[in-house]
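Good morning, everyone, and thank you for making time for this. Please have a look at the model on the screen while I talk you through two parts of it.

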Amino acid sequence: MPLSIAIIGSGPSAFYTVGALLKAGADCEIDVIERLPSPFGLIRGGVAPDHAKTKNVARAYERSALDEKVNYYGNIEVGRDVTFEDVANCYDAVVIAIGSALDRPLGVPGDGKNGVFGAAAFVGWYNGHPDFRDLDPDLNTEGVVVVGNGNVAIDCARVLAKTSAEMAATDLADHASEAIQASPLKDIYMCGRRGPVEAKFTNVELREMGELENCAPVVDGNHLPDSITEKMDARDLRVREKNLQSLRSFVGASGEGKDKRIHFAFYSNPVEVLGDEKVKGVRLEKTEVQDGRAVGTGEFTEVACGVVISAIGYRGEIFDGVPFDDSAGIAVNENGRVAPGVYAVGWIRRGPTGVIGTNKHDGDRAAAQILEDFTESKNPGRAAFEEILIKKGVRWITYEDWQKIDAAEQVAANPGAPRRKFTRVEDMLAVLD
Ligand code: NAP
């Protein structure tokens, strides 16, 4: 009997695991269980709409999904429609690949005011993720503060800064496109609590900020050191040096003829969100970096804004039955092993860092561990799982179903755009009815 393997989640770490199992030629059936009807996790819901090339990797995931050993079970939420125990009882091995879906809270006074959004929510909103379809950020403001100096912060700033022409060939959700283009936004402040050398964004992403049609970067040259004295590995050093070079090229950039500005507010730690019920601004404390840490100087400034996007990192959550490290926001695991027959991959294993390809190592490792741990199948697998779904009255989506939804999105696309996303689960399901 083939080994039965369930993978919970269908993003990059899930599909790299599928790919590694297939490549190993394992005698197995692999079932990918996904909460939404649509597969691919962050590729669809996280990667910025104007970074279409990054999304191309989904073609390789699709090839795996279409392999005869693989079944897709979309629209099934473990913890809601079925329990983790249901899954674990059916399969020999279960791989948890659910990512880090939640925002780390900003944790300053006023962070609960109307107009403060975590980046997971804001990115989900512009990417048409059904969970955030109704987020409805009020962009009727001239100022937005983005907290954080990572690639997610830069994605949020860039999507707010681009013109409709720059976004025309993307799958930016219609509701987000309309709200952004109707906004009188002029100033986007990207606040880093540390300096330009410590900023986490990568250089391709940073450089893009100097190439925008209607938005000019604003950088204070006094923030830029002549050289990098901090100790770091050679690869990091290269990225930071390139970043400094890009930031230097931004100093004094002419914003003439451009309506928007992106302010690189280094050494600026948000200490309070100002306003009544609604955000009116952010109070920032000037910082210095000492031994790599941001230390407050006791000097404060205020920035006016109507929206705050906190892009300070994500955290995971997990269903009952799996040990969880609450402080790290990840599944308790040792090198990916959670319990006998249970494995974790991707951000739920190691936390929310790294690019899409970083997950390949996780997939390779989990596949190798499974094949090392199991020489024969003991659990009933797919047939038993489908029995549970039928007994519980759960409607699931096959990969063929998803292909119909996918085709309907592509047909509905604006000229030049890859698709017009369905942003509600019921609209996706309606395609099949
Ligand atoms: P990240 O790279 O870890 O950046 C988080 C940022 O938030 C850092 O600047 C951090 O500053 C700051 N921060 C954390 N806590 C803070 C606090 N309490 N107050 C103020 N600032 C705070 O995380 P991310 O941007 O969420 O990205 C997650 C991963 O996805 C990264 O590996 C990223 O490269 C990747 N990603 C890649 C792309 C791409 O390749 N285009 C796009 C999106 C995401 P400190 O450094 O001082 O802690």
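I will begin with a pair of helices and then turn to a sheet.

Please keep in mind throughout that what you see is a predicted model. Let us start with helix α7, which covers residues 151–161, and where nine of the eleven residues are buried, so that the helix is largely enclosed by the rest of the structure. Among those buried residues are Ile154, Asp155, Cys156, Val159 and Leu160.

What does α7 pack against? One partner is helix α6, residues 119–126, and the two axes lie 11 Å apart at an angle of about 40 degrees. Angles under 35 degrees would count as roughly parallel, and α6 and α7 are therefore described as oblique to each other. Their crossing is left-handed. On the α6 side the contact is made by Ala119, Phe122, Val123 and Tyr126, which meet Val152, Asp155, Cys156, Val159 and Leu160 of α7. Sorted by class, this contact has eight nonpolar residues, one charged residue and no polar ones. As for the spacing along each helix, an α-helix has 3.6 residues a turn, so residues three or four places apart point the same way.

Now to the sheet, which is open and built from three strands in the order β11-β12-β13, with antiparallel pairing. Because β11 (268–275) and β13 (293–304) stand at the edges with a single partner strand each, one side of each has no neighbour in the sheet. On average, neighbouring strands here are turned by 20 degrees against each other, direction ignored. Strand β12, residues 279–290, pairs with β13 over nine bridges in the antiparallel sense, and Gln290 stands opposite Arg293 in β13.

Terms used:
Residues numbered from 1 in each chain as written. Predicted model: local features only at pLDDT ≥ 70, side-chain atom pairs only at ≥ 80, totals over all residues. Heavy atoms only, no water. Buried < 20%, exposed > 50% of the residue type's maximum accessible area, 1.4 Å probe, protein only. Helix = DSSP H or I, 4+ residues; strand = E, 2+ residues; numbered from the N terminus. Axes fitted to C-alpha atoms, helices over the stretch in contact; angles between N-to-C directions. Parallel < 35°, antiparallel > 145°, perpendicular 65-115°, else oblique. Left-handed = near helix turned anticlockwise from the far one by under 90°. Contact = heavy atoms within 4.5 Å. Nonpolar A, V, L, I, M, F, W, Y, C, P; charged D, E, K, R; others polar. Pairing = 2+ DSSP bridges.
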